[in-house]
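Here is a short report on charged pairs and nonpolar packing. Have the model open as you read.

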Amino acid sequence: MGFKEKGYDTAKEYLSEISKFCYLKNNLMRKMNELECDKVSIGAIRYDKERVDTSPQNVQDEKIIRLIELQDEYNSQIQAYHEASMARVKQISQLSRPEYVKILALRFVDLHPTGRIHSLAWIADELGYSEDRIRHLYSEALDEFSSKFA
């Protein structure tokens with residue numbers, strides 16, 4: 001099944017989904033870390049004031065339940081991210097020129113730790129080409145990807 005049949009208009013849009021998955025994964029991990037910190041926080045009781053019960057629920061239990069739900073969601077997101085990434089890596093590796101494979105892999109697969117795609121200028125520095133040459137090869141690589149996998 002081609003990327004157009006999956007609802008993507010361009011190869012670039014299809015390949016850019018990897019960075020979106022990474023962003024969602026990082027956001028979910030941040031939420032889990034916040035809940036993990038809240039889970040271990042200790043509530044304090046003031047004995048010099050009159051005690052008022054404002055919430056009869058056990059807030060700690062709710063946080064633990066939410067953390068478990070987020071962990072389940074995170075695990076399914078990781079699975080989806082992994083499957084989508086592997087499908088795209090397999091397709092990228094089928095391109096005719098090694099330069100195309102390297103450029104598209106650096107652009108869309110080997111993401112910056114923040115989940116953002118690398119700039120073409122960064123890729124040019126990394127591979128030792130001029131920025132214009134990388135831009136030209138990148139365009140050719142996307143064209144070949146589109147013709148093979150649309």
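Glu-144 is buried, at 13% relative accessible area. Buried means under 20% relative accessible area, exposed over 50%, and partly exposed in between (1.4 Å probe, protein chains only). Its salt-bridge partner is Lys-148, which is partly exposed at 44%. Both lie in helix H5, four residues apart, about one turn of the helix. Salt bridges with shared partners also join Arg-97, Glu-99 and Glu-140 into one network.

This is a predicted model: local features need pLDDT of at least 70, side-chain atom pairs count only at pLDDT 80 or more, and totals for chains, interfaces and linings use all residues. Residues are numbered from 1 along each chain as its sequence is written, and side-chain values use heavy atoms, leaving out hydrogens and water.

The structure holds five salt bridges. A salt bridge is a side-chain nitrogen of Lys or Arg within 4 Å of a carboxyl oxygen of Asp or Glu. Three of them are tabulated below.

| Pair | Closest N to O |
|---|---|
| Arg-135 and Glu-131 | 3.2 Å |
| Asp-132 and Arg-135 | 3.0 Å |

Asp-132 is exposed at 58%. Arg-135 is partly exposed at 39%.

Now the packing. The largest nonpolar core has 22 residues. Such a core is a set of buried Ala, Val, Leu, Ile, Met, Phe, Trp, Tyr and Cys residues joined through side-chain atoms within 4.5 Å. H5 gives the most to this core, seven residues. Helices are DSSP runs (H or I, at least four residues), numbered from the N terminus.

Notes: Helix = DSSP H or I, 4+ residues; strand = E, 2+ residues; numbered from the N terminus.
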